[in-house]
Amino acid sequence: MIDRDRNGKPCLSGCHERAFRLSNSGDLAVVAVAQDGAAGLCIGIDVERDEMPREADVMVAGFFSRAERMAWAALDPSERRQAFVRLWTRKEAVAKSAGGIKALPFTQLTADPDGQYAMAELPDHRSWRLASWRPTAGYLATLAIMESG
């Protein structure tokens with residue numbers, strides 16, 4: 001059964017040894033479950049429609065790191081939708097693994113915009129392994145697992 005933890009986040013009732021995250025967009029939901037939740041394994045997941053929002057340039061300016069903004073500016077306009085959705089799902093998944101958007105300095109987090117597998121890093125040396133995939137047509141999902149130690 002799905003319950004809420006003390007921070008209002010979804011959790012598995014009576015099952016503290018598993019880390020659990022949920023994300024939804026439109027008619028689609030994705031779930032991540034990991035065995036070592038009690039040991040502090042930090043996971044996050046995000047899914048988004050494969051669409052670039054009208055306010056993408058404002059979001060890039062306000063939430064992307066300097067390196068990401070430079071990469072964005074260098075992209076051909078035809079490549080921007082895919083790059084935006086991939087970076088946004090990666091940043092959201094990392095934020096969810098770290099306890100939410102307010103717990104993470106989005107503009108300091110730099111995620112690799114290329115490929116199915118990537119890394120994301122903060123200046124304080126925290127890092128995450130990322131995997132992105134298309135769960136169904138029109139959507140992109142990313143799983144983030146915080147590197148230990």
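Ser-97 touches Cys-42, Ile-43, Gly-44, Trp-128 and Ala-144, leaving aside residues up to four places away in sequence; contact here means heavy atoms within 4.5 Å. The model is a predicted one, where local features need pLDDT of at least 70 and side-chain atom pairs count only at pLDDT 80 or more, while totals for chains, interfaces and linings use all residues. Residues are numbered from 1 along each chain as its sequence is written, and side-chain values use heavy atoms, with hydrogens and water left out.

Back to Ser-97, then. You'll find Ser-97 in helix H3. Helices (H or I, at least four residues) and strands (E, at least two) are DSSP runs, numbered from the N terminus. With 4% relative accessibility, Ser-97 counts as buried, where buried means under 20% relative accessible area, exposed over 50%, and partly exposed in between (1.4 Å probe, protein chains only). The side chain of Ser-97 has two partners to look at. One is the backbone oxygen of Val-94, reached at 2.7 Å. The other is the side chain of Trp-128, with which the Ser-97 side chain makes a polar contact at 2.7 Å. A polar contact is a pair of N or O atoms within 3.5 Å; within protein, one must be able to donate a hydrogen and the other to accept it, and residues adjacent in sequence count only if both atoms are side-chain atoms.

Trp-128 takes us over to the sheet. Its bridge partner in S9 is Met-146. Strand S8 (residues 127-133) and strand S9 (residues 139-146) run antiparallel to each other, paired over six bridges; two strands pair if DSSP finds at least two bridges between them. Zoom out and you get an open sheet of five strands in the order S5-S9-S8-S7-S6, with antiparallel pairing. Strand S5 (43-49) and S6 sit at the edges, each pairing on one side only.

Of the 149 residues in the protein chain, 38% are buried. Among contacts with a separation of 6 or more, 43% come from residues 24 or more positions apart. The protein chain exposes about 8600 Å², with carbon and sulfur atoms supplying 50% of it; accessible areas come from the Shrake-Rupley method with a 1.4 Å probe, and for residues, only the protein chains shown count as cover.

Now for the aromatics. The structure holds six aromatic pairs. Rings of Phe, Tyr and Trp (its six-membered ring) pair if their centres lie within 6.5 Å; planes under 30 degrees apart count as stacked, over 60 as edge-to-face and the rest as tilted. Take Phe-63 and Phe-106: their ring centres are 5.8 Å apart and their planes stand at 85°, so this pair is edge-to-face. Phe-63 belongs to helix H1 (residues 56-63) and Phe-106 to the loop between H3 and strand S6 (110-111), so the pair ties together parts that are 43 residues apart in sequence. Phe-63 is partly exposed at 35% relative accessibility, whereas Phe-106 is buried, with a relative accessible area of 5%.

Phe-106 also pairs with Trp-88: the ring centres are 5.7 Å apart and the planes at 75°, so this pair is edge-to-face. Trp-88 lies in helix H3 and Phe-106 in the loop between H3 and S6, so parts that are 18 residues apart in sequence are tied together here. Trp-88 is buried, its relative accessible area being 10%. Ring pairs link Phe-63, Phe-64, Trp-72, Phe-84, Trp-88 and Phe-106 into a cluster. Lys-91 lies over the face of Phe-106, 5.4 Å from the ring centre; a charge sits over a ring if NZ of Lys or CZ of Arg is within 6 Å of the ring centre and within 35 degrees of the ring normal.

Helix H3 (residues 80-97) also holds Arg-86, which is buried at a relative accessible area of 14%. Residues up to four places away in sequence aside, Arg-86 touches Pro-113, Asp-114, Gly-115, Ser-132 and Leu-140.

One last stop is Gly-26, in the loop between strand S3 (19-25) and strand S4 (28-34). Gly-26 is partly exposed, with a relative accessible area of 43%. Not counting residues up to four places away in sequence, Gly-26 touches Arg-49 and Tyr-139. Gly-26 and Arg-49 are 23 residues apart in sequence and 7.3 Å apart in space, C-alpha to C-alpha.
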